[in-house]
Amino acid sequence: MHIKTLVVFSFLILFSACKKTQEIAQEEQTEQNKSQEITEQDISKLKYIEYILDSKTADIVADWPEYLQLEELIVDIKKGDLSYFNDNKKVIKLLIKELKQNIPKTLNSDSILSRILVLETKLLQLESLSNLTTTSKEELLKSIKEFLVSFSNLSFQMNKKIEFDNRSIEKP
């Protein structure tokens, strides 16, 4: 009888110890998730050159809804809001497809299309990394920076294209 009591008591101790390690593991995972969250301050610390559209380019882009949607996405990302990427793969692919198809004629050039291709690559990379639970905060911030740089380069190239097209060179 004494042995049965010891066996039951040892099982109780063993189960309670296992339960405590599970609770500790859950607490550590919760703390790790909080430390991996991207905040607006984290993104504001990223160092890159940001180009904005000049007035002539902005007038042309005003009729390009996919680009405007992309600008809204950039604003959300700069706020640390990556919820757009949560199980939204079809919408992202549709945005990229329509961005390429509906490009204004004045901006339709190889240099702009190549910047859109880079933007597409970085957008898809950011989407995949943001949906992975094993992605570190540093990797995610690096991917965000690459995406923001690619968008900035697209804006810069569009400005240059419009500037070049508006130059009037008189031939002698």
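The legends below describe close-up views of a predicted model of one protein chain.

**Figure 1**
The secondary structure comes to seven helices and zero strands. The chain has 172 residues, and 31% of them are buried. Its accessible surface comes to about 11900 Å², and carbon and sulfur atoms account for 56% of that area. Among contacts between residues at least 6 apart in sequence, 80% join residues at least 24 apart.

**Figure 2. Helix H4 packs against helix H7.**
Two packed helices are described by the angle between their axes and the distance between the axes. Here H4 covers residues 65-78 and H7 covers residues 137-166. Their angle is about 140 degrees, and their axes are 11 Å apart. The crossing of H4 past H7 is left-handed. On the H4 side, the contact is made by Tyr-67, Leu-70, Glu-71, Leu-73, Ile-74, Ile-77 and Lys-78. On the H7 side, Ile-144, Phe-147, Leu-148, Phe-151, Leu-154, Ser-155 and Met-158 take part. Sorted by class, the contact has eleven nonpolar, one polar and two charged residues.

**Figure 3. The rings of Tyr-67 and Phe-151 form a stacked pair.**
With ring centres within 6.5 Å as the cut-off for a pair, the count comes to four aromatic pairs. In one of these pairs, the rings of Tyr-67 and Phe-151 have their centres 5.5 Å apart and their planes at 20 degrees, so the pair is stacked. Planes under 30 degrees apart count as stacked. The pair links distant parts of the chain, with Tyr-67 in helix H4 and Phe-151 in helix H7, 84 residues apart. Tyr-67 has a relative accessible area of 0%, so this residue is buried. Phe-151 has a relative accessible area of 9% and is buried as well. Ring pairs also bring in Trp-64, which forms a cluster with Tyr-67 and Phe-151.

**Figure 4. Tyr-67 and the residues it touches.**
Tyr-67 is found in helix H4. Residues up to four places away in sequence are not counted in this view. What does Tyr-67 touch beyond them? Its contacts are Leu-53, Val-61, Leu-99, Phe-151, Leu-154, Ser-155 and Met-158. Among these, Phe-151, Leu-154, Ser-155 and Met-158 also belong to the H7 side of the contact between H4 and H7. Tyr-67 and Lys-100 are 33 residues apart in sequence, and their C-alpha atoms are 9.8 Å apart in space.

**Figure 5. Lys-100 in helix H5.**
Helix H5 covers residues 89-101 and includes Lys-100. Is Lys-100 buried or partly exposed? Its relative accessible area is 34%, so Lys-100 is partly exposed. Not counting residues up to four places away in sequence, Lys-100 touches Ile-116, Leu-117 and Glu-120. Lys-100 and Leu-117 are 17 residues apart in sequence, with a C-alpha to C-alpha distance of 8.8 Å.

**Figure 6. The rings of Tyr-84 and Phe-85 form an edge-to-face pair.**
The ring centres of Tyr-84 and Phe-85 lie 5.8 Å apart. Their planes are at 85 degrees, so the pair is edge-to-face. The cut-off for this label is an angle over 60 degrees. Tyr-84 has a relative accessible area of 18% and is buried. Phe-85 is at 0% relative accessibility and also counts as buried. The cut-off for buried is under 20% relative accessible area.

**Figure 7. Glu-127 and Ser-130 in helix H6.**
Helix H6 covers residues 110-131, and Ser-130 lies in it. Glu-127 lies in helix H6 too. Is Glu-127 buried or exposed? At 5% relative accessibility, Glu-127 counts as buried. Leaving out residues up to four places away in sequence, Glu-127 touches Phe-85, Lys-89 and Ile-92. Glu-127 and Ile-92 are 35 residues apart in sequence and 8.7 Å apart in space, C-alpha to C-alpha. Ser-130 is buried, with a relative accessible area of 19%. Leaving aside neighbours within four places in sequence, Ser-130 is in contact with Leu-82, Phe-85 and Leu-140.

Note on methods: Residues numbered from 1 in each chain as written. Predicted model: local features only at pLDDT ≥ 70, side-chain atom pairs only at ≥ 80, totals over all residues. Heavy atoms only, no water. Axes fitted to C-alpha atoms, helices over the stretch in contact; angles between N-to-C directions. Helix = DSSP H or I, 4+ residues; strand = E, 2+ residues; numbered from the N terminus. Left-handed = near helix turned anticlockwise from the far one by under 90°. Contact = heavy atoms within 4.5 Å. Nonpolar A, V, L, I, M, F, W, Y, C, P; charged D, E, K, R; others polar. Phe/Tyr/Trp six-rings, centres within 6.5 Å; stacked < 30°, edge-to-face > 60°. Buried < 20%, exposed > 50% of the residue type's maximum accessible area, 1.4 Å probe, protein only. Areas by Shrake-Rupley, 256 points an atom, 1.4 Å probe, with all protein chains shown as cover.
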